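Let's take a quick tour of this one together. Have the sequence and the 3D view open, and keep clicking along as you read.

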Amino acid sequence: GTRQATRDASTRGGQTRFEAEALAYVDSLYRTALRLTRVPADAEDLVQETYLKAFRAADSFERGTNLRAWLFTILHNTARNRARDRARDTVIIDSEIVERAAGAPTYGAGETPETLLLGETLAPELQTAVDALPEAFRQAVWLRDVEEFSYSDIAEMLDIPPGTVMSR
């Protein structure tokens, strides 16, 4: 009885530490989710789903390994699965919604929530150069140069060989 209670308390403490450490990366995950989705609400959903999956799979995380890389791997896999699922969906255009959106207020010239966020992170010239890259290259550059992951971590996250990450 007492041993089990001690073990349960220890497990809860470990889970709380895991959650606190994982949540420390929320801003970094959100920045990358925004780069992937380009829509703040979608980025928030992607981060939320990432944490939901991470907390459910916390027992499978190997203590002592790179938690940040593990979370980014979940984020990228979730984004990839969402994109694949969306590609299968039929596109339906509601002309009334399009007309309302056309009359909606807009951001300043060239400003979007993403560009405003990135303006805080990247110099304008670098931001323009990163945005001009094809999507596959943009992900690798972002993860390496902005989020500062290793080539092997990025390779695992994007499910591509390390040499491909380096060449990108």
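Predicted model: local features only at pLDDT ≥ 70, side-chain atom pairs only at ≥ 80, totals over all residues.

**The cavity**

- How big is the largest cavity? Its volume comes to about 50 Å³.
- Which residues line the largest cavity? Select Thr32, Arg35, Leu36, His76, Glu135, Arg138, Gln139, Trp142 and Leu143, and you have the lining.
- Two elements, α2 (26-37) and α8 (135-146), each give two or more residues to that lining.
- The top contributor is α8, which supplies 5 residues.

**Threonine 78**

- Is threonine 78 buried or exposed? It counts as buried, because its relative accessibility is 1% and the cut-off for buried is under 20%.
- A polar atom of the threonine 78 side chain lies 2.7 Å from the backbone oxygen of isoleucine 74.
- If you skip its neighbours within four places in sequence, threonine 78 is in contact with Leu46, Glu49, Thr50 and Lys53.

**Two loop residues with positive phi**

- Arginine 38 has a phi near 65°, which is a positive value in a residue other than glycine.
- Where is arginine 38? Look in the loop between α2 and α3, where α3 spans 40-56.
- Arginine 38 has a relative accessibility of 37%, so it counts as partly exposed; that label goes to values between the 20% and 50% cut-offs.
- Glutamate 148 also isn't a glycine, and its phi is positive too, near 60°.
- Glutamate 148 belongs to the loop between α8 and α9, with α9 running over 151-158.
- Glutamate 148 is exposed, because its relative accessible area is 63% and exposed means over 50%.

Definitions and conventions:
Residues numbered from 1 in each chain as written. Heavy atoms only, no water. 1 Å grid on protein atoms, 1.4 Å probe; cavity = no way out; pocket = protein on both sides within 12 Å on 5 of 7 lines; lining within 4 Å. Points joined across faces, edges and corners; volume = space filled by probe spheres on them. Helix = DSSP H or I, 4+ residues; strand = E, 2+ residues; numbered from the N terminus. Buried < 20%, exposed > 50% of the residue type's maximum accessible area, 1.4 Å probe, protein only. Polar contact = N/O pair within 3.5 Å; in protein donor to acceptor, adjacent residues only side chain to side chain. Contact = heavy atoms within 4.5 Å.
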